[in-house]
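Please look over the sequence and the fold before reading on.

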Amino acid sequence: LAKRGIIGVAIDARYHGERAVGAKGAAAYQKAILDAWQTPADKPREHPFYYDTVWDLMRLVDFLQTRPEIDASRLGMIGFSMGGTYAYLLGCADDMVRAVVVFYGTIVYATTNPLKPISPIEKADNLRCPVLGLFGAEDPMIPVEQVRDLEERLRGGHEERPGEVGG
């Protein structure tokens, strides 16, 4: 990949990997979720599920644009599972991201709450770049109907149909 001018950057999402300060792994993440859930709406709080990490990714994009060896006009992101959701949301939030690849990222939350106020599918109109979504036809967590709904929203009336869902 490097010979083709492609670099890779992997971050630890908040409360994951080396960013799990104090309590490690799941314990730190669960504490952050509870703290965010229990903090009154009028007080500053984190949103450890997705939005704070998407903010961090936006800052990563800002940093990459300052690097002379990086062609900032060709930035993209790929993510798997929760990282796929991050990639999709970053593509909805940052004009500098030129393409995203989502491997089975969550499309519709089972429930919404202050930590996850809307499902990612609700941001489809905000997507600012091409997206390639790769989902399993038999994935019980992301039913094909949700993928089809996302495809319809992303297509937004365009005639071109880059891929087929299901099958």
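The sulfur of C92 lies 7.8 Å from the closest cysteine sulfur, that of C129, which is too far for a bond. Seen from C129, the closest cysteine sulfur is the one in C92, again at 7.8 Å and too far for a bond. A disulfide here is a pair of cysteine sulfur atoms within 2.5 Å, and by this rule the count is zero disulfides. C92 is buried at 6% relative accessibility, and C129 is buried at 10%. Buried means under 20% relative accessible area, exposed means over 50%, and partly exposed is in between, with a 1.4 Å probe and protein chains only.

The model is predicted: local features need pLDDT of at least 70 and side-chain atom pairs count only at pLDDT 80 or more, while totals for chains, interfaces and linings use all residues. Residues are numbered from 1 along each chain as its sequence is written, and side-chain values use heavy atoms, with hydrogens and water left out.

How many helices and strands does the protein have? The secondary structure comes to four helices and three strands. Helices (H or I, at least four residues) and strands (E, at least two) are DSSP runs, numbered from the N terminus. From the N terminus on, the order of the elements is α-α-β-α-β-β-α. The protein has 167 residues, of which 35% count as buried. Contact means heavy atoms within 4.5 Å. Taking contacts between residues at least 6 apart in sequence, 60% join residues at least 24 apart.

The next part concerns a pair of helices. Helix α2 (residues 51-66) packs against helix α3 (residues 82-93) at an angle of about 60 degrees, and their axes are 10 Å apart. This angle makes α2 oblique to α3. Angles under 35 degrees count as roughly parallel, over 145 as roughly antiparallel, 65 to 115 as roughly perpendicular, and the rest as oblique. The axes are lines fitted to C-alpha atoms, for helices over the stretch in contact, and angles run from 0 to 180 degrees between N-to-C directions. The crossing of α2 and α3 is right-handed; a crossing has this hand if the near helix is turned clockwise from the far one by less than a right angle, and is left-handed if the turn is anticlockwise.

Which residues make the contact between the two helices? From α2 come Y51, T53, V54, L57, M58 and V61, and from α3 come Y86, L89, L90 and A93. Nine of the residues in the contact of α2 with α3 are nonpolar, one is polar and none is charged. In this division Ala, Val, Leu, Ile, Met, Phe, Trp, Tyr, Cys and Pro are nonpolar, Asp, Glu, Lys and Arg are charged, and the others, Gly among them, are polar.

T53 is in helix α2 and is buried, at 1% relative accessibility. Leaving aside neighbours within four places in sequence, T53 is in contact with I11, A13, R14 and Y86. The C-alpha atoms of T53 and Y15 are separated by 9.7 Å, although the two residues are 38 residues apart along the chain. D52, also in helix α2, is buried with a relative accessible area of 14%. Between the C-alpha atoms of D52 and A13, 39 residues apart along the chain, the separation is 8.8 Å. Q65 lies in helix α2 and is partly exposed, at 33% relative accessibility. Not counting residues up to four places away in sequence, Q65 touches A72, L75 and M96. The C-alpha atoms of Q65 and L75, ten residues apart along the chain, are separated by 9.0 Å.

The remaining residues are in loops. S81, in the loop between β1 (75-80) and α3, has a phi near 55 degrees, a positive value in a residue other than glycine. S81 is partly exposed, at 38% relative accessibility. Y104 lies in the loop between β2 (97-103) and β3 (131-134). Y104 has a positive phi of about 45 degrees although it is not a glycine, and its relative accessible area of 38% makes it partly exposed.

Is Y109 buried or exposed? Y109, in the loop between β2 and β3, is buried, with a relative accessible area of 6%. Apart from residues up to four places away in sequence, Y109 touches Y50, T85, K116, I118, S119 and P120. Y109 and M141 are 32 residues apart in sequence and 9.7 Å apart in space, C-alpha to C-alpha.
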